[in-house]
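Hi,

Here is the structure I promised to pass on.

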Amino acid sequence: MGVSPQMFLTADELVELTDSHRRQDQAKWLLENRFAFFYSRLGNIKVLRAHVEVQFGLREDVQTDPEPNWAALKKTA
């Protein structure tokens with residue numbers, strides 16, 4: 001499965017969001033402002049574009065169920 005190039009913020013967008021070029025400062029800002037992020041295998045910070053849009057109220061947060069609804073499979077008597 002390929003990842004859409006628009007799925008994550010670009011490096012320039014991350015700098016614009018955090019006002020910093022340094023990864024350490026970017027991570028600090030993201031943590032302080034409650035933005036979810038993770039590090040790639042190469043140590044780059046990855047922020048989902050959809051998460052940023054939710055944080056700024058540009059889209060609704062879509063919650064996913066962590067487990068299937070097993071009760072829906074049970075027969076009702």
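Below are some notes on one helix and on the salt bridges.

This is a predicted model, so local features need pLDDT of at least 70 and side-chain atom pairs count only at pLDDT 80 or more, while totals for chains, interfaces and linings use all residues. Residues are numbered from 1 along each chain as its sequence is written, and side-chain values use heavy atoms, leaving out hydrogens and water.

Let's start with helix H1, residues 11–18 (helices, H or I, of at least four residues and strands, E, of at least two are DSSP runs, numbered from the N terminus). Its buried residues are Leu 14, Val 15, Leu 17 and Thr 18 (buried is under 20% relative accessible area, exposed over 50%, partly exposed in between, with a 1.4 Å probe and protein chains only). They sit on the same side of H1 because their arc around the axis is only 165 degrees, taken from the directions from the helix axis to the C-beta atoms. Asp 12 and Glu 16, on the other side, are exposed.

Now the salt bridges (a side-chain nitrogen of Lys or Arg within 4 Å of a carboxyl oxygen of Asp or Glu): the whole structure has three. One joins Glu 13 and Arg 49 at 2.9 Å, N to O. Glu 13 is in H1 and Arg 49 in helix H3, so this pair ties together parts 36 residues apart in sequence. Arg 49 is buried at 16%, whereas Glu 13 is partly exposed at 27%. Another links Glu 32 and Lys 28 at 4.0 Å, N to O.

Best wishes
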